[in-house]
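This briefing is for a reader new to the structure. Please look at the sequence and the model first, then read the notes below.

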Amino acid sequence: MQSDNTRSGLDVDALKRGFLDNLIYSRGKHPRSATMQDYYTALAYTVRDRIQQRWAARMQDLFPDLTAVVYLSAEYLPGPHLVNNLLNLGILDEARRVVEDLGLDFDQLVAQEQEPGLGNGGLGRLAACYMDSMATLGIPALGYGIRYEFGLFEQTIRDGWQEEVADPWLQQGNPWELPRPGICYQVKFGGHVEHYDDEHGRQHARWVPGQVVKGVAYDQAVVGYGANSMALLRLWKSEAVASFDFGTFSSGDYYRAVEQKIISENLSKVLYPNDEPEQGKKLRLQQQYFLVSCSLQNLLHIGRELMGDITQMSHRAPIQLNDTHPSLAIPELMRLLIDENGMEWDAAWQITRHTFAYTNHTLLPEALETWPVSLLGQVLPRHLEIIYEINHRFLDEVRLLYPWDQDRITRLSLIDEAGPRSVRMANLSCVGSRHINGVAQLHTDLMKEEVFRDFYELDPEKFSNKTNGVTPRRFMAVDNPRLSSLIGEQLGEGWLRDLEQLRGLEPVAGDAGFHQQWEQVKLNNKRRLADTIAERVHIAIDPASMFDIQAKRIHEYKRQHLNVLHIIALYWRIRNDPTFETAPRTFVFAGKAAPGYFMAKLIIKLIHSVGDVINRDPAVKNLLKVVFLPNFNVKNAQAVFPAADLSEQISTAGKEASGTGNMKFAMNGALTIGTLDGANVEIREAVGEDNFFLFGLTAGEVAALKSSGYRPRDYYQGNEVLREVIDLLASGFFAGGDRALFQPLVDALLGSDDYLALADFASYVEAQDRVSQAFNDRERWTQMSILNVARMGRFSSDRAVEEYRRDIWQIDHFNAPADHDGFMDNMEEAVRQGPVDVTF
């Protein structure tokens with residue numbers, strides 16, 4: 001590559017010229033007036049220039065025979081882009097040198113980037129990992145989502161309670177996106193359906209909407225590691241079809257002149273609006289339909305232009321549904337094929353049911369999405385008709401197989417007739433997809449045995465397991481450069497593309513010199529987190545203590561309260577037994593509670609209240625600290641995952657689908673204390689039973705205990721330590737004498753304890769004692785840490801995506817290296833040839 005190529009060159013001189021050019025020409029700033037935000041944006045534009053040149057070259061290669069995976073997801077959680085893109089382009093060191101040569105602080109510049117508010121947690125982060133892996137592996141991919149103006153929320157803490165404030169992540173703009181105002185589609189809502197016969201007696205439906213909005217595309221290239229291949233993330237912003245009514249404005253009604261603009265833009269205003277009020281439910285349903293309608297209209301246009309025949313769609317553009325949020329794509333594709341393209345039902349259904357594949361992400365019945373028939377009929381009247389017809393034809397097939405089994409027919413129906421009628425979106429996804437997969441082996445087994453047992457018995461070949469994975473580029477190379485550098489010194493450069501190469505660390509797991517280097521990396525990472533905690537929550541912690549971390553969404557089934565019960569037990573034991581010895585610990589919690597989830601918010605208050613007492617008690621000053629780190633997200637996690645000694649993966653067995661935090665912690669050298677839940681089972685198998693602290697009931701034992709009549713008070717009465725902990729909590733000791741504050745939690749634990757915290761308490765405490773003993777043996781602990789990392793190769797998202805490609809999508813890699821320089825040389829000829837009429 002020529003060093004004088006300011007737009008695309010990768011050497012230091014070209015990057016520096018591009019950086020200064022973008023500061024002046026794109027940002028409009030002279031260095032003497034530029035802020036650090038200006039410098040960040042200029043560098044982002046400089047990196048984007050290189051990405052876009054490579055993207056254009058890649059598209060030139062793909063056009064003749066386009067086949068691509070289509071990933072439909074309501075959320076993506078990519079994290080900050082700058083360092084990740086620099087890493088994948090192979091110019092991270094060069095960019096740092098450019099910035100520092102100019103007298104700027106590279107880390108301070110990087111810190112200016114906002115966390116993209118496009119996702120909530122594991123679901124969105126998984127989607128981002130898979131886009132990264134598809135780009136890295138050369139799997140042509142098109143991801144569709146919504147360009148939310150505001151993220152979920154920023155979490156602040158006031159007097160120990162979570163408060164939610166708006167997340168205006170776009171207020172400084174997004175230099176990584178490219179608006180595509182010419183790629184836009186109309187999306188209909190409400191109104192009514194008219195039925196009529198044509199001159200041949202064929203029946204048709206015409207949807208007459210009550211409201212129409214416009215979806216406008218915003219594109220972002222996803223760079224694969226090594227920059228040899230890329231994927232495209234296309235996000236939709238909602239706008240009014242006509243944003244300004246001049247006549248109404250001229251008459252003096254200024255609000256009504258822009259009313260449609262305001263209403264229309266609400267659709268992409270915020271990620272996951274509160275769906276407790278009826279209007280919130282309606283808005284969320286409209287969001288989900290807006291996503292799938294824009295995406296499928298765009299996809300059909302691409303199909304017509306590049307494939308010439310949309311009947312090839314199932315082979316050329318397999319669509320993966322990331323949970324049930326985009327499941328309205330099934331009736332929407334039917335509507336587009338039948339109503340807009342004139343297909344017969346059977347032909348349209350043949351395409352539809354062979355196009356979609358469905359990933360399930362939950363075993364919790366309350367999380368299996370349903371929509372009231374009344375609301376669906378009001379918002380999407382034509383789709384309700386189509387869903388009824390799908391259900392009618394499907395149940396006719398079921399009756400032929402099970403003519404006397406009305407209960408089975410009722411369970412399989414897309415319509416839940418118990419109580420107010422509702423549409424079961426998971427059932428719709430199962431009926432309308434050719435593949436159904438779980439995200440961990442235990443999760444998939446429980447899907448087959450419990451949640452989707454009837455569907456599994458109907459068509460067992462549809463079901464498979466695809467255990468989740470995470471990208472090592474983000475969660476090792478970006479988050480933990482010290483450890484990545486040490487691994488690279490030992491293994492060379494190839495391990496970030498082939499994580500199984502981490503096995504090469506096993507021979508040095510017992511080497512004293514390597515132990516010393518490993519421990520120094522961990523200590524430096526712990527000092528970094530200690531500095532972050534001191535800065536953000538003003539608590540001083542000891543980096544030499546064990547960092548015991550539970551960082552995940554706050555929910556009763558994830559059992560942060562079980563963790564707190566152990567902390568109280570440990571605290572009380574140290575206070576009352578001067579002879580008791582234990583490893584010094586810093587307990588770190590992080591995670592958000594849903595705004596309307598009272599018990600989760602009470603658990604956050606409990607963590608703070610227990611921490612307030614323990615952190616100021618001189619009796620445990622050098623042994624225990626409790627910290628809650630607010631507003632946990634991908635950006636803040638960069639200091640958390642590398643610093644952990646112990647990873648808390650303690651959900652009730654059978655409740656977590658997979659989890660990916662367990663993988664991120666283990667890849668960074670943390671040991672796991674956990675139940676046999678989700679991917680914990682496979683992590684324990686991979687790293688070895690001796691390198692995993694197991695406790696608790698199995699999923700089968702949980703089910704058996706509940707079916708036999710679980711009585712949590714029996715565990716309270718039968719365990720002196722547990723009784724002491726609960727009584728201390730109920731006494732108001734951690735609430736300034738307020739006995740009522742935590743009474744709802746005490747009542748829930750003693751009354752029903754839905755997630756069996758009391759049943760698992762004794763086993764958990766015993767496992768934590770084993771953790772302390774192991775941590776005090778530094779040689780043993782370090783060896784266990786090294787072996788955990790060495791054996792985590794199978795949990796790369798590259799492995800997971802390759803399994804999807806091989807077993808579900810069945811499309812080929814596209815790994816031919818793009819001719820970036822040749823592409824630029826041929827630009828004039830490309831202009832003369834004219835555009836391909838395709839909005840891609």
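A charge sits over a ring if NZ of Lys or CZ of Arg is within 6 Å of the ring centre and within 35 degrees of the ring normal. In this predicted model, the charged end of Lys526 sits over the ring of Phe547, 4.8 Å from its centre. Likewise, Arg778 has its charged end over the ring of Phe775, at 4.3 Å from the centre.

**Aromatic pairs**
- The structure holds 25 aromatic pairs.
- One of them joins Tyr571 and Phe734 in a tilted arrangement, with 6.4 Å centre to centre and 55 degrees between the planes.
- Tyr571 belongs to helix α23 (residues 560-576) and Phe734 to the loop between α30 (720-730) and α31 (743-751), so the pair ties together parts that are 163 residues apart in sequence.
- Phe734 also pairs edge-to-face with Phe733, at 4.9 Å centre to centre and 85 degrees between the planes.
- Phe734 counts as buried at 3% relative accessibility, whereas Phe733 is partly exposed, with a relative accessible area of 30%.
- Tyr71, Tyr130, Tyr804 and Trp809 are linked into a cluster by ring pairs.

**Helix α12**
- Of the 12 residues of helix α12 (residues 329-340), 10 are buried, so the helix is largely enclosed by the rest of the structure.
- Among the buried residues are Glu332 and Arg335.

**An open sheet**
- Three strands form an open sheet in the order β12-β14-β13, with antiparallel pairing.
- The edge strands, β12 (370-372) and β13 (415-416), each pair on one side only.
- β13 pairs with β14 (residues 422-424) over 2 bridges, and Ile415 stands opposite Val423 in β14.

Definitions and conventions:
Residues are numbered from 1 along each chain as its sequence is written. This is a predicted model: local features need pLDDT of at least 70, side-chain atom pairs count only at pLDDT 80 or more; totals for chains, interfaces and linings use all residues. Side-chain values use heavy atoms; hydrogens and water are left out. Buried means under 20% relative accessible area, exposed over 50%, partly exposed in between (1.4 Å probe, protein chains only). Helices (H or I, at least four residues) and strands (E, at least two) are DSSP runs, numbered from the N terminus. Two strands pair if DSSP finds at least two bridges between them. Rings of Phe, Tyr and Trp (its six-membered ring) pair if their centres lie within 6.5 Å; planes under 30 degrees apart count as stacked, over 60 as edge-to-face and the rest as tilted.
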